[in-house]
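Subject: Structure handover

Dear colleague,

Here is the structure I said I would pass on.

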Amino acid sequence: MRVTVIGGGYVGLVTGACFSHLGNEVIVVEKVPEKVERLKRGESPIYEPGLEDLLREGLERGSLTFTTDIREGVNFSDVIFICVGTPSRPDGSADLSQVEEVARLTARNMNSYKLLVEKSTVPVNTHQLVKKTVQRYLRSDVPFDVASNPEFLREGSAVYDFLNPDRIVVGVESERARRIMEELYKPLTDKGFPLLITDPATAELIKHASNSFLAMKISFINMVADLCEKTGADVELVAEGMGYDKRIGREFLRAGIGYGGSCFPKDVKAFIKIAEDRGVDFSLLKEVERINSKRVEKFIEKVKNAVWTLKDKKVAVWGLAFKPNTDDIREAPSLRIVPELVKEGAKVRAYDPKAMENFKRVFVEGEDLIYVGDKYEAVEDAEVLLILTEWDEFAKADMEKVKELMALPIVVDGRNVFDPRRMEEIGFEYYSIGRP
Ligand SMILES: NC(=O)c1ccc[n+]([C@@H]2O[C@H](COP(=O)([O-])OP(=O)(O)OC[C@H]3O[C@@H](n4cnc5c(N)ncnc54)[C@H](O)[C@@H]3O)[C@@H](O)[C@H]2O)c1
C-alpha cells in the first residue's frame, strides 16, 4: 500500500520506517527542512535504537521518501497518518493547533478519497473536529474518512514496539476505513498481534486512559517507596511481590524520581482537563500528578541529607534523558534537578550517553555545569554521584573504579540501579529510593 505520514518526529519516523519495512511505499512529510535533509541522507535526527537501520533500508529500496511539501504527501496516497505534536497548553489541555493545521492543509490539497488517521495522542472526540475542519476547507465534494489509531510505542524501544505491539487499536466509522486499516496492519495481525476495532471516540479515549493508568502505577509505587523508607521495608521486593499477581503486573512499578517524557506529564494533564470540561471529577489523576511533581523535591532533600549542603560541592550526574535508550529530555526530572543543584552552589559534571546535546541546548555549559564525554570522567574528584537515568551502561559500570576516582564515596541513586548490599561492600555510602 501507499502511506503518507505527516510529522517526522519520534512517532512519525518510527511509523514511516516500520510501514516501509512491512512492505509499503511511504512518504514522510516533515516541515523542518534541516530534518528532511538529514533524513534524505539516511541520518536519523533522533536517537532511537534500530530506527536509522530501517530508514536506510527504506531509502535504499526506494520505499521511503521524505519531503517538506504537504501537497506532495497528500497526493501520494489515500491514507494519511497525522503524527504531529500535541503539547500542553498553560491550562493543561492539549494544544491541537498542529493537528488542525494538518487537517486544513490536507483538505486544501486533496482531490480524491482520503483516510485521515490520527496517530497523535488527542482528546476524545477530536476526530469530530478534524472532520469538521476538512469539510470546511475542502474545495470540492471529495469523500473522506477520519480514523483514530493511537500509538503505544515506548521511546527507547519504539521500533520493536511498533513491530511487536501488545495491541493495535483502530477507531473507525466506515467499512471502507476499517478495510484499509485491516489491510495495512495485516502483516502484524497475521503474526497474532491483536487488533481491536472500535469507534473513533473509544480509540481516542483508550490512549489517554492507558497513559494515565501507567502514570498512576508509577505514583502509586512511589508512595509505597516513601512508606518503605519509614518502615525498613524494601520497595523493590514489594513491587516484585505485587507484580507476580497477574491482575497487577510488574511493569511500571518502578520507584524513583518520577515519570517524565513527552507523553505522561502532558497526557495526564490533558485527561484531567478533558474530564473537568465534561463535569467528571477525576481527582485521582490530580493526586497522581501532585505525587509525581514532589518526587524531584524529595530527591533533592535526599541529596542534601547525604551531603548536608550543596554549596561548592562537586556533584557528578549520571543520566539526563527522561529514560534510558533515548536522547529525549522533554519533562525529564534532570531538567529540574540540575538547575536546582547549580542554584544551591554545586559544581556539576554531567554525563549522559545520548542526551547531552539536547540538554546543552537548554542549559549552556558554564563554570558551574560541565558536560563530560565519559561516566568515569564525571566522577573524578566528585563528592557525590547522583543517578538520574537507569542506563544499562551505569548498571554495568566498574563501581570499584568509580569509588577510587571519587573524592568521597557517596552515591544517591534516583533509579535504584545498584544492589545496596554490593554498594556497601565496595565501601559506598549509598542512598536509593524506598530501600533500607
Ligand atoms: N514520543 C512518544 O513516545 C509517543 C508515543 C505515543 C504517542 N505519541 C504522540 O504522538 C504525537 C507526536 O509525538 P512525537 O514525540 O513524535 O512529537 P515530535 O515533536 O517528536 O514530532 C512531531 C513532528 O511533527 C512536525 N510537524 C508539526 N507540524 C507539521 C506539519 N504541519 N507538517 C509536517 N510536519 C509537522 C514537527 O516539526 C515535528 O518534527 C504526540 O501527540 C504524542 O503525544 C508520542
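In this predicted model, helix α1 supplies Leu13, Val14, Ala17, Cys18, Ser20 and His21 to its contact with helix α3, and the α3 side consists of Leu51, Leu54, Leu55, Glu57 and Gly58. Sorted by class, this contact holds 7 nonpolar, 3 polar and 1 charged residues. The two helices, α1 at residues 10–21 and α3 at residues 51–61, have axes 9 Å apart and pack at an angle of about 50°. The crossing of α1 and α3 is left-handed.

Helix α1 turns up again at the ligand. The shell there has 26 residues, and those that come nearest are Gly7, Gly9, Val11, Ser120 and Thr121. Two elements, α1 and α5 (97–109), each give two or more residues to this shell. By class, the shell divides into 11 nonpolar, 10 polar and 5 charged residues.

Helix α5 has a packing partner of its own, α6 (residues 126–137): their axes come within 8 Å and cross at roughly 35°. Here the crossing is right-handed. From α5, the residues in contact are Val99, Glu100, Ala103, Arg104, Thr106, Ala107 and Arg108; from α6 they are Thr126, Val130, Thr133, Val134 and Tyr137. The contact of α5 with α6 has 6 nonpolar, 3 polar and 3 charged residues.

The crossing of α10 past α13 is left-handed. On the α10 side, Ser212, Ala215, Met216, Ser219, Asn222 and Met223 take part, and they meet Leu285, Val288, Ile291, Asn292 and Arg295 of α13. In this contact, 6 residues are nonpolar, 4 polar and 1 charged.

As for the chain as a whole, it contains 19 helices and 14 strands. Its C-alpha atoms fill a box of roughly 70 × 50 × 40 Å along the principal axes. How does the radius of gyration of the chain compare with that of a compact globule? For 436 residues such a globule would have a radius near 22 Å, and the chain, at 23 Å, agrees with this.

Regards

Technical notes. Residues numbered from 1 in each chain as written. Predicted model: local features only at pLDDT ≥ 70, side-chain atom pairs only at ≥ 80, totals over all residues. Axes fitted to C-alpha atoms, helices over the stretch in contact; angles between N-to-C directions. Helix = DSSP H or I, 4+ residues; strand = E, 2+ residues; numbered from the N terminus. Left-handed = near helix turned anticlockwise from the far one by under 90°. Contact = placed C-beta atoms within 7 Å. Nonpolar A, V, L, I, M, F, W, Y, C, P; charged D, E, K, R; others polar. Near = placed C-beta within 6 Å. Rg over C-alpha atoms; globule rule 2.2 N^0.38 Å.
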